[in-house]
Amino acid sequence: MRLFGMALGVAVALAAPVNALSIPSNGKLSFDVVRKGKDIGDHSYSFSGKSAAFTVKVATDIIVKVPLIRTTAYSFKHKSVESWKGGKLQQLSSSTNDDGEPHQLKTASKGTLPASLWNDDIVRSGKLMNTIDGKIMKVRVADLGSETVKTKQGNVSAHHYRLSGGLARDVWYDGNGNLAQVMFKADDGSTVMYVRK
């Protein structure tokens, strides 16, 4: 049963350099992955280095169980490493197990920005590259304005954008440009949320 499919890992084409404010001051962002009110996994970002040259490690670990019999209905594991220099992506490598289907990717930037979604510059770009298979997708962005987002640390004022086309995601960024929340529809129609810890 494929709930999330290939859509979880994507990257966005971007000519402009990354905004240094998008890098969290504490060097990390962590999220609970929630579906139908249940915590089904974790999604995290770990930043190391300085704004001139840094690395981002992204990890997603999701397991959906069938109620009562507790059998695994779906699992998704993804790890990627992004290398940045001078505000631009230099290289990205990823390893993914999408419900038993393995994927490996290693690529130079080719002018693209991984939208592991942590970088709010993605809302100013119209092309996306899937970080699982490297395919380029077109995306449209709607600015939905400021909203209050609930996190594990309390309410946060954030800006809401809706991505559509090749990638369908609602994303919220706080006043520092850090990812505050993600929402999307899984392949079965259920809503999945990334809730910041």
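## Ground rules

Because the model is predicted, local features are given where pLDDT is at least 70 and side-chain atom pairs at pLDDT 80 or more, while totals for chains, interfaces and linings use all residues. Residues are numbered from 1 along each chain as its sequence is written, and side-chain values use heavy atoms, with hydrogens and water left out.

## Overall make-up

Let's start with the fold. The protein has 14 strands and 0 helices, where helices (H or I, at least four residues) and strands (E, at least two) are DSSP runs numbered from the N terminus. Read from the N terminus, the elements are β-β-β-β-β-β-β-β-β-β-β-β-β-β.

Of the 197 residues, 48% are buried; buried means under 20% relative accessible area, exposed over 50%, and partly exposed in between (1.4 Å probe, protein chains only). The protein exposes about 9600 Å², and carbon and sulfur atoms supply 52% of that area. Accessible areas come from the Shrake-Rupley method with a 1.4 Å probe, and for residues only the protein chains shown count as cover. Among contacts (heavy atoms within 4.5 Å) between residues at least 6 apart in sequence, 51% join residues at least 24 apart.

## The nonpolar core

A nonpolar core is a set of buried Ala, Val, Leu, Ile, Met, Phe, Trp, Tyr and Cys residues joined through side-chain atoms within 4.5 Å. The largest one here holds 39 residues, and the members touching the most others are Y45, V56, L117, I122, V171, Y173 and L179. With 5 residues, strand β4 (residues 53-65) gives the most to this core.

Once neighbours within four places in sequence are set aside, V56 contacts Y45, S46, F47, S80, V81, E82, W84 and W118.

## Aromatic pairs

A pair of aromatic rings is described by the distance of the centres and the angle of the planes. Rings of Phe, Tyr and Trp (its six-membered ring) pair if their centres lie within 6.5 Å; planes under 30 degrees apart count as stacked, over 60 as edge-to-face and the rest as tilted. By this rule there are 8 aromatic pairs. One of them is the stacked pair of F54 and W84, at 5.7 Å centre to centre with 5° between the planes. This pair links distant parts of the chain, as F54 is in strand β4 and W84 in strand β5 (residues 72-85), 30 residues apart. F54 counts as buried because its relative accessibility is 4%, and W84 is buried with a relative accessible area of 4%.

F184 and Y194 make an edge-to-face pair, with 6.0 Å between centres and 85° between planes. F184 lies in strand β13 (residues 179-185) and Y194 in strand β14 (residues 191-196), so the pair ties together parts 10 residues apart in sequence.

## Strand β2 and its partners

Two strands pair if DSSP finds at least two bridges between them. β2 pairs with strand β3 (residues 38-50) in the antiparallel sense over 8 bridges, and V34 has D39 in β3 as its bridge partner. β2 and β3 form a hairpin with 2 residues between them, and K36 in the turn has a positive phi of about 55°.

β2 also pairs with β14 in the antiparallel sense, over 5 bridges. Here D32 stands opposite V195 in β14.

P24 lies in the loop between β1 (11-13) and β2 (28-35), and counts as buried because its relative accessibility is 6%. Not counting residues up to four places away in sequence, P24 touches L29, F47 and N178. P24 and W118 are 94 residues apart in sequence, with their C-alpha atoms 9.3 Å apart in space.

D174, in strand β12 (residues 169-174), counts as buried at 13% relative accessibility. Leaving aside neighbours within four places, D174 contacts V156, S157, A158, A180 and R196. L144, in strand β10 (residues 136-151), counts as partly exposed at 36%. L144 touches H160, R162 and D170, not counting residues up to four places away in sequence.
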